[in-house]
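Me: Could you take a close look at a single part of this model and describe it in one connected answer?

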Amino acid sequence: MPVRMNRQTKELIAAAREMQHARYVLRLYVAGMTPRSAEAIRRVTDFCEKHLTEQYELEIIDIYQKPALMRGEQIVAVPTLVKHLPEPLRRLIGDMQDEDKLLFGMDLVTRPK
Amino acid sequence: MTAEMKKETLRRENEELRHRLAEAEDALLAIQAGQVDAIVVDGAAGAQIFSLSGAETVYRLTVETMAEAAINVAADGTIVFCNARFSAFVATSTERLLGRDIAGFVPPEDRDAFRALLRRCCTQPVKQRIVFCGPGGVRTPVLLSGNALSQGDSVSLCLVAADLTELESAAYQIEHLRERHVRLQQEIVDREWAEETLRLADRRKSEFLATLAHELRNPLAPIRTGLDLIRALRGDAAACERPLQIMDRQLTHLVRLVDDLLDVSRISRGKIDLRKERLDLAEIVEAALEISESGIGRDDRRLSVSLPSRPLPVEGDRVRLVQIISNLLNNAAKFTDEGGRIELGLVPCGERVEIRVSDDGQGIPRERLSDLFEIFSQIDTGRGGGLGIGLTLVRSLVAMHGGTVCADSEGLGRGATFTVSLPLCADVAQQPMPREAPQADPVPRRRVLVVDDNPDVAESLHLLLTVLDAEVRVAHDGADAISVCAEWTPTHILMDLGMPGMDGYEAARRLRADHPDGAFRLVAISGWGQDEHRQKAREAGFDRHLIKPVAVAELKAILLE
């Protein structure tokens, strides 16, 4: 299933490809500064620092403030973490509390059958 | 493509599909578990965000829409947050409230206590009525609840204030209504009392009317009988003497009853004027003894009178003082049995004098002493007759003379004493008592015009005056009288006041106008004897004013003038 990307996402991926160390390009979409948002941001940041040290680019996007950035991302609910790179594109929805789910979702471990 | 490669491709596609399926499942689970803040729906108009009412939104809405004021202040009273309600309480917009000292919004005189309240609030919850104020004299009484909020090592205070304006206004209304209720209850009690008083007065009045009918009929009966008797006797003068005496006495009694009635009515309407002069009380006693009812005259051995040798000057109306004493004497006689004794005494007591009338008669039950002087009150209506207004008259007349009257009795069968106390005055101007004209005096020839619309009254006066050797003409109204005087010159005109057509006042004015130098005496003879009528008659030109019925002695005195 082809992914329709907007221009900014394409630019981001292109930029990341140029930066050799940035193997992982992630976007976390949240809705306002709710406690859940804050928690999700903290969890994702911790996760990245722990498992993807210095290999990632993370953007936090408030869909209320920047609704345009959602376009083409097939976001159905927030918080949603989107892994643009490495391919394949992956989405993870929820409060990001479950570290195992993050590992599976980011393709860092194989999902149990 | 080898079979091996085809297999690997299929395996990868299979894994990718599984992964996407898991992702979709995870998304659904996260939504179901409430782990999301918003749902995003892609539509023709772009993405729409449906917020799932995050906790913060709910709290903020709650705080903004609640009926109470919510304020968050730092420990020093600086306003960190407040809702629109507080802004309304102090009539100041929110932008001008944040960062200000909240103590600036309580009245100056309350500020110290308010700061103490905030200090206390740092350690324990508080709840107290205070008043918030704002520009323009805005005042809002509130019930303030406060709790301390710990945020790290700093403390802020969460204050909630409920508006008491309506409550206090309701409490005021309740208090107002309660007072009104109490007043109304008092009014009900007062009115019930007044109603009871009226009922009692009404009952007494009814009893009085029954007694009145009885009392008026009593003297009328012997008068009726006497008339029939005289008619039957056909001019036997000697035999007529006895019924004439009876009729005379009964008529006197009847006149006295009517006089008393009129007096009571006048006193109760405040229409009696005293003609005050300085008098010796001993003279008054003499006069009273003279007019008191037959049976207790001075010579009657039932009565003993003790008068001091020195004069006892009082200031008063001669007629009324006589009336007081004679009423007391009549009252004593009425309640004293045959052979009983009545004592009348004058006792000087410092600057006052007491008139004491005692008897050894029927006496008065102790419980009746208090209302003895009330109008229409009679202890025993079957006893001695009377209207029960004599003592009421006494009390009113005594009071008009600045005196008091009281009754005392040892009880039933043990007699009674009535004591009138009057103030004495310095000296007495000696005035001879007016004497009735002796009946034997000769009457010079007079021409008398009698004017009365009642033919019987006119006729009887005509006859009587003729007997008194006067030349008499009769007219039946004012106009009639004027036309008689146009051709005939009377020496006296005896005229009724209330007549149909031209009344007595008008006729008197016309007669005076028609005959400015007329030498006639104009005498009003009327049933109306109040001061206002006398005054009106004088103004109309009358020389004298006689009250019906007119005794023959009065007529003679008039003719002698």
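This is a predicted model: local features need pLDDT of at least 70, side-chain atom pairs count only at pLDDT 80 or more; totals for chains, interfaces and linings use all residues.

Reply: A helix is taken here as a DSSP run of H or I with at least four residues, and helices are numbered from the N terminus. Just after helix H9 of chain B, Gly402(B) takes a positive phi of about 75 degrees. Within H9(B) itself, which covers residues 390-400, the buried residues are Leu391(B), Thr392(B), Leu393(B), Val394(B), Leu397(B) and Val398(B). In general, an α-helix has 3.6 residues a turn, so residues three or four places apart point the same way.

Strand E3 of chain B, residues 69-74, is largely enclosed by the rest of the structure, because five of its six residues are buried. E3(B) is joined by six bridges to strand E7 (residues 154-163) of chain B, the two running antiparallel, and in this pairing Ala69(B) has Ala161(B) as its bridge partner. E3(B) is also joined, again in antiparallel fashion, to strand E4 (residues 79-82) of chain B, here through three bridges, with Cys82(B) in E4(B) as the bridge partner of Ile71(B). E3(B) and E4(B) form a hairpin with four residues between the strands, and there Gly77(B) takes a positive phi near 100 degrees.

What remains is the side of chain B that touches chain A. Here 21 residues of chain B are in contact with 26 residues of chain A, and the two chains bury about 2200 Å² between them, with 50% of that area on carbon and sulfur atoms. Two salt bridges are counted between chain B and chain A; Glu23(B) forms a salt bridge with Arg91(A), in which the closest N and O atoms are 3.5 Å apart. Five residue pairs, with both residues at pLDDT 80 or more, are found in polar contact across this interface. On the chain B side, at least two residues are supplied by each of helix H1 (3-32), strand E1 (38-43) and strand E2 (46-51). The largest share, ten residues, comes from H1(B). Sorted by class, the side of chain B that touches chain A has ten nonpolar, four polar and seven charged residues.

How values were computed
Residues are numbered from 1 along each chain as its sequence is written. Chains are lettered from A and ligands numbered from 1 in the order in which they are written. Side-chain values use heavy atoms; hydrogens and water are left out. Buried means under 20% relative accessible area, exposed over 50%, partly exposed in between (1.4 Å probe, protein chains only). Two strands pair if DSSP finds at least two bridges between them. Contact means heavy atoms within 4.5 Å. Buried area is the accessible area (1.4 Å probe) that two parts lose on being put together, summed over both. A salt bridge is a side-chain nitrogen of Lys or Arg within 4 Å of a carboxyl oxygen of Asp or Glu. A polar contact is a pair of N or O atoms within 3.5 Å; within protein, one must be able to donate a hydrogen and the other to accept it, and residues adjacent in sequence count only if both atoms are side-chain atoms. Ala, Val, Leu, Ile, Met, Phe, Trp, Tyr, Cys and Pro count as nonpolar, Asp, Glu, Lys and Arg as charged, and the others, Gly among them, as polar.
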